[in-house]
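Here's a quick tour of one protein model. Have a look at the sequence and the 3D view, then read on.

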Amino acid sequence: MADETYENPVLNADWSDPDVVCVGDDFYLTASSFGRAPGLPLLHSRNLVDWTLVGHALERLEPAAEFDSPRHDRGVWAPSLRHHDDRFWIFWGDPDQGVFQVNAPEIRGPWTRPHLVKEGKGLIDPCPLWDEETGEAYLVHAWAKSRSGIKNRLTGHRMHPDGTSLLDDGKVIVDGDRIPGWFTIEGPKLYRHDGWFWILAPAGGVETGWQGAFRSRDFFGPYEERIVLEQKDTDVNGPHQGGWVRTPSGEDWFLHFQQRGAYGRVVHLQPLRWDGDGASGPGGAGSGGSWPVIGDRGAPVAVHRRPALPPQPAAAPATDDDFPGGRFGRQWQWTANPQDGWATQHSGDGLRLSCVRTADAHDLRKLPHVLTQRLPGTPSAVEVDLELHGEEPGARAGLAVLGDAYAWIGLQRGTDGTVHLVHRFAESAAERERDAAHPRPAPHGTVRLRIEIGAGARCRFAYDLGDGRRRSGPVFAATPWRWVGALLGLFALAPDGPGRPGAATFTRFRISPL
């Protein structure tokens, strides 16, 4: 029976604001990546349950100078993934710049450089639609009040069929202020189904909101609305914002996120059916007047029958890494656009990070050269081996849990040339880190670092200097950034100064269940 069902979440980490498309027998998913690089992760599945990370569509954020330092409140917000004219298309909004687009002939690329479709402040969550019946193309987007002073509205445009520009100034097609009880409408996904234009859009806020559906015979409205997914009496708070997909056998499914504090926005898979007779999929048209019913009569499911799709081996996005030849896997992202020399390839195994000189050595949150991956959503142990080569006093390297507050454990070279095991943290409002435990000599300059992540993202730090594992400091409760879940990070740095400060080598990175 277990093989016939799946459990939510199907992606138990911060794959924020997912969208999904089916091409042939394959399903592809992308998600928000904000200011990290590379951006726009690309995931693949054959069964909608087991996903692997196959690449990224955005090598660097542009304009590059805007992202040479961490910007977790900017960059790639709520992308939409589509397949049209034998190409994959991703549209996203940068709240400070406007609507961007990239496209590629294959999911693994090559992807075009970002193209600015519409410039403007506060333009977020864009979604295109190519109407296969009429040949017309459209785009809908939401608004970020922090940049534009506007929220709770969806604006529609006609779009050039080549996806490069919009053909009008736009019209408000959904005004949430005119719908009693609705607020913070955002994240629209646009479809054609049964002769209707459909917008699936969340409302009510990230942590406690619901999923709405809007339909109209004409793209520019008027639209009627219905709540199609909400928490009800389940444990899944704010189940909303995602994409509808139809399988080759004709089943309908909906992927959405749930905000889980420090773990970020985990992804759930819900069955979707139509309460009338609907025969067309997300790209088609027809006749009828049905509404989508998501989950169990509008409530999210925890366990459900698997989609009727061919069997696929159990899979999940990679986490472990041996760093062969000094190369790191697809699961890693820098906290800003990378620069040459941060990581060095070599003939052996292990990640060799340069101890980048910085005036911000006292605060990891300001550093662009932290290599990160998502915090696992289940209790886990994280381990990595570290050797510090840097000879510069103050050179250091370590393993961190990063968020509005952060903590790290690692090695640092003192003014007398000796190396110590150090454990430091910074509270959310603190401008500088301080010790979480007393430094301890590390005479060989090597250590095995460990973080045990328990329930509620409560983290226990430990180390092994060769004489057995020891715990370090008190429990640290991981915190999210404003829009991003907590991150695991590897880093190496040195204080400002002349000369080459050396490097550190990380080997055998592992995440295992507790």
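Ala, Val, Leu, Ile, Met, Phe, Trp, Tyr, Cys and Pro count as nonpolar, Asp, Glu, Lys and Arg count as charged, and the others, Gly among them, count as polar. This is a predicted model, where local features need pLDDT of at least 70 and side-chain atom pairs count only at pLDDT 80 or more, while totals for chains, interfaces and linings use all residues. Residues are numbered from 1 along each chain as its sequence is written, and side-chain values use heavy atoms, with hydrogens and water left out.

- Lining residues have an atom within 4 Å of a point.
- Grid points are joined across faces, edges and corners, and a volume is the space filled by probe spheres set on the points.
- The count is one cavity of 30 Å³ or more, and the largest cavity holds about 60 Å³ of space.
- Its lining has six nonpolar, two polar and three charged residues; among them are Trp92, Phe100 and Arg60.
- The largest pocket has about 640 Å³ of space. Of the 30 residues lining this pocket, Val10, Leu11, Asn12, Ala316 and Pro317 are the closest to its centre.
- That pocket lining splits into 17 nonpolar, nine polar and four charged residues.

**Strands around S8**

- Strands (E, at least two residues) are DSSP runs, numbered from the N terminus, and two strands pair if DSSP finds at least two bridges between them.
- Buried means under 20% relative accessible area, exposed means over 50%, and partly exposed is in between (1.4 Å probe, protein chains only).
- Seven of the seven residues of strand S8 (residues 98–104) are buried, so the strand is largely enclosed by the rest of the structure.
- Strand S7 (residues 87–94) pairs with S8 in the antiparallel sense over seven bridges, and the two form a hairpin with three residues between them. Phe88 stands opposite Ala104 in S8.
- S8 also pairs with strand S9 (residues 115–119), again antiparallel, over four bridges. Here Gly98 has Glu119 in S9 as its bridge partner.

- Thr319 sits in the loop between strand S22 (303–305) and strand S23 (333–334). It counts as partly exposed because its relative accessibility is 28%.
- Contact means heavy atoms within 4.5 Å. Leaving aside neighbours within four places in sequence, Thr319 is in contact with Gln331, Gln373, Phe509 and Ile511.
- Ser33 is in the loop between strand S3 (26–30) and strand S4 (39–45). With a relative accessible area of 0%, Ser33 is buried.

- Most residues other than glycine have a negative phi, and most peptide bonds are trans.
- The peptide bond from Glu62 to Pro63 is cis, with omega near -10 degrees, and the bond from Gly221 to Pro222 is cis too, with omega near 5 degrees.
- Phe34 isn't a glycine, yet has a positive phi of about 50 degrees; Phe34 is buried, with a relative accessible area of 3%.
- Arg508, also not a glycine, has a positive phi of about 55 degrees. Arg508 lies in strand S38 and is partly exposed, at 33% relative accessibility.

Key:
1 Å grid on protein atoms, 1.4 Å probe; cavity = no way out; pocket = protein on both sides within 12 Å on 5 of 7 lines; lining within 4 Å.
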